[in-house]
Amino acid sequence: MEGSGEEFLKYRSPLVSRYASKEMAYNFSDRNKFTTWRRLWLYLAKAEKELGLPITDAQVSEMESHLEDIDFVMAAEEESKLRHDVMAHVHTFAHCCPTAAPIIHLGATSCYVGDNTDLIMLRGGFDILLPKLARVIDRLAHFAEKYADLPTLGFTHYQPAQLTTVGKRACLWLQDLVMDMRNLERAREDLRFRGVKGTTGTQASFLQLFQGDHEKVEELDRKVTEMAGFKKSYLVTGQTYSRKVDIDTLCVLASLGATVHKICTDIRLLANLKEIEEPFEKEQIGSSAMPYKRNPMRAERCCSLARHLMVLVSDPLQTAAVQWLERTLDDSANRRISLPESFLTADIILSTLQNITEGLVVYPKVIERHIRHELPFMATENIIMAMVKAGGNRQDCHEKIRVLSQQAATVVKQEGGDNDLLNRVQADPYFTPILGQLDALLDPKTFVGRAPQQVTRFLSEEVRPVLEPYRSNLDVKIELEL
């Protein structure tokens with residue numbers, strides 16, 4: 001095809017080609033993966049040298065000078081011959097480090113670079129996601145504070161219920177996001193390094209290298225773990241670190257997906273009511289056939305991708321369940337897909353949700369009209385109480401209100417008219433004693449309970465403390481490519 005590049009001739013994952021950020025795409029890239037392998041081989045050589053193995057400064061320097069210059073063509077050719085990705089890269093690294101070649105990967109097994117790199121990438125993925133989640137929380141907190149006092153219809157069973165406020169509803173979203181923040185932080189802090197454990201996790205090869213010196217083997221593990229930036233390593237492993245670590249990691253991401261799906265579904269429902277809308281660009285087209293439409297496509301994208309994120313957790317659950325004894329290789333191909341895709345998907349839904357929350361549009365007049373339509377029914381209890389205080393009989397008043405309410409409901413449901421209950425109350429002489437109180441009895445702000453106060457306290461005690469560690473990152477804007 002004239003003018004088309006090679007990249008258009010084969011399938012490309014939309015998570016990378018269409019959606020994810022550059023930093024998350026790089027975190028799981030081959031470049032990052034294989035340069036990390038080389039760093040891990042360097043850490044191992046340095047630690048082994050420090051502990052007395054015959055490794056020279058020249059060998060270490062040679063490895064240091066070739067961490068980045070990977071010949072990916074040679075590596076692919078080696079792998080096609082050897083059918084082993086780690087040994088292919090050992091040979092490729094050795095080719096540009098001939099002096100260091102004899103000591104590269106000394107005593108290690110494939111999982112030394114494979115699993116440890118995965119843990120480094122998982123940690124890096126969390127480090128990208130956490131500031132993004134903090135920014136979403138920050139934007140929604142400002143939104144909740146701004147609309148803390150604005151009454152709106154509450155909905156249960158998606159039927160009109162007692163009033164709440166726009167800000168209080170946003171706090172329901174925020175509460176789930178704050179829980180996700182704590183979950184992600186905990187999962188990130190719980191990550192440990194696999195470390196230097198050998199073929200089946202017994203460290204036998206390293207014990208042999210250090211001639212039975214157990215203390216040196218432990219010190220080797222500690223040194224390499226420290227070089228990789230981890231506080232701890234797993235004390236026991238098989239050939240791999242426990243695949244339950246992957247479960248814990250993807251569970252918190254799946255839980256985040258559920259949160260985002262709920263928030264964006266709410267936004268889509270409110271957009272249908274024309275009470276709230278996501279940002280809509282000046283030249284954006286909602287529908288190819290219906291030019292008037294303003295579809296909530298960002299929220300729809302979040303819901304679509306969140307579903308994918310939620311189901312990915314089933315992969316590590318099944319993988320961990322079927323790992324035999326010290327390890328089976330049926331985890332590998334699955335993890336190459338499920339781990340990166342979970343982080344890539346979480347990355348784009350947070351970026352998109354930040355874009356949504358930075359530009360949410362509220363239509364107070366539409367909200368007010370919906371309240372006026374329903375409030376007379378909700379105010380009946382207040383009217384009854386006011387009549388009793390004015391000397392009326394509670395049961396008589398209840399019957400009067402019941403009859404008038406049914407008549408007004410008939411107008412609304414069968415005739416398509418407006419709710420005229422208030423007019424009927426005003427026209428009935430029975431309610432003369434309280435006619436002067438009706439405006440106060442029907443003030444929407446008297447129906448929201450403690451919602452504004454709950455918003456203030458929640459933001460102060462639950463939200464702002466969570467954001468404090470991310471204060472320096474909160475001003476970053478997202479340039480969302482639609």
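1. Start with one term. A residue counts as buried when its relative accessible area is under 20%, as exposed when that area is over 50%, and as partly exposed in between. The model discussed here is predicted.

2. Take helix α6 with that term in mind. Of its 12 residues, 9 are buried, so α6 is largely enclosed by the rest of the structure. The buried ones are Asp-85, Val-86, Ala-88, His-89, Val-90, Thr-92, Phe-93, Ala-94 and Cys-96. What do these buried residues of α6 pack against? Their partners are α3, α4, α5, α7 and α14.

3. Next, the largest pocket. Its volume is about 1,100 Å³. It is lined by 40 residues, and the closest to its centre are Lys-33, Trp-37, Asp-85, Ser-332 and Arg-336. Asp-85 has already come up, as one of the buried residues of α6.

4. Which helices each supply at least two residues of this lining? They are α3 (30–50), α5 (72–82), α6 (85–96), α7 (110–146) and α14 (332–358). The largest share, 8 residues, comes from α14. Sorted by class, the lining has 18 nonpolar, 9 polar and 13 charged residues.

5. Most residues other than glycine have a negative phi. Arg-83 has a positive phi, near 55°, and is not a glycine. Where is Arg-83 found? It is in the loop between α5 and α6. Is Arg-83 buried or exposed? With a relative accessible area of 70%, Arg-83 is exposed, because the cut-off for that word is over 50%.

6. His-157 is the other case. Its phi is positive, about 60°, although His-157 is not a glycine. This residue sits in the loop between β1 (151–156) and β2 (159–165). His-157 has a relative accessible area of 76%, so it counts as exposed.

7. Now the charged pairs. How many salt bridges does a search of the whole structure find? The search finds 32. One of them joins the side chains of Lys-46 and Glu-64, at 3.0 Å from N to O. Lys-46 lies in helix α3 and Glu-64 in helix α4 (residues 57–64), so the pair ties together parts that are 18 residues apart in sequence. Lys-46 is partly exposed, at 27% relative accessibility. Glu-64 is partly exposed as well, at 36%.

8. A second bridge joins Lys-223 and Glu-50, with the closest N and O atoms 2.9 Å apart. This pair links distant parts of the chain: Lys-223 is in helix α10 (residues 214–227) and Glu-50 in helix α3, 173 residues apart. Is Lys-223 buried or exposed? At 18% relative accessibility, Lys-223 counts as buried, because the cut-off is under 20%. Glu-50 is partly exposed, at 49%.

9. Arg-424 and Asp-420 form another salt bridge, at 3.0 Å from N to O. Arg-424 counts as partly exposed, at 25% relative accessibility. Asp-420 counts as buried, at 19%. Which residues are linked in a network of salt bridges? They are Asp-115, Arg-243, Arg-327 and Asp-331.

10. Last, one more loop residue. Thr-237 lies in the loop between α10 and α11 (244–272). At 13% relative accessibility, Thr-237 counts as buried. Which residues does Thr-237 contact, leaving aside its neighbours within four places in sequence? The contacts are Arg-194, Lys-197, Thr-200 and Gly-201.

Methods:
Residues are numbered from 1 along each chain as its sequence is written. This is a predicted model: local features need pLDDT of at least 70, side-chain atom pairs count only at pLDDT 80 or more; totals for chains, interfaces and linings use all residues. Side-chain values use heavy atoms; hydrogens and water are left out. On a 1 Å grid over the protein atoms alone, a cavity is a set of points where a 1.4 Å probe fits but cannot get out, and a pocket is an open set with protein on both sides within 12 Å along at least five of seven lines; lining residues have an atom within 4 Å of a point. Grid points are joined across faces, edges and corners, and a volume is the space filled by probe spheres set on the points. Helices (H or I, at least four residues) and strands (E, at least two) are DSSP runs, numbered from the N terminus. Ala, Val, Leu, Ile, Met, Phe, Trp, Tyr, Cys and Pro count as nonpolar, Asp, Glu, Lys and Arg as charged, and the others, Gly among them, as polar. Buried means under 20% relative accessible area, exposed over 50%, partly exposed in between (1.4 Å probe, protein chains only). A salt bridge is a side-chain nitrogen of Lys or Arg within 4 Å of a carboxyl oxygen of Asp or Glu. Contact means heavy atoms within 4.5 Å.
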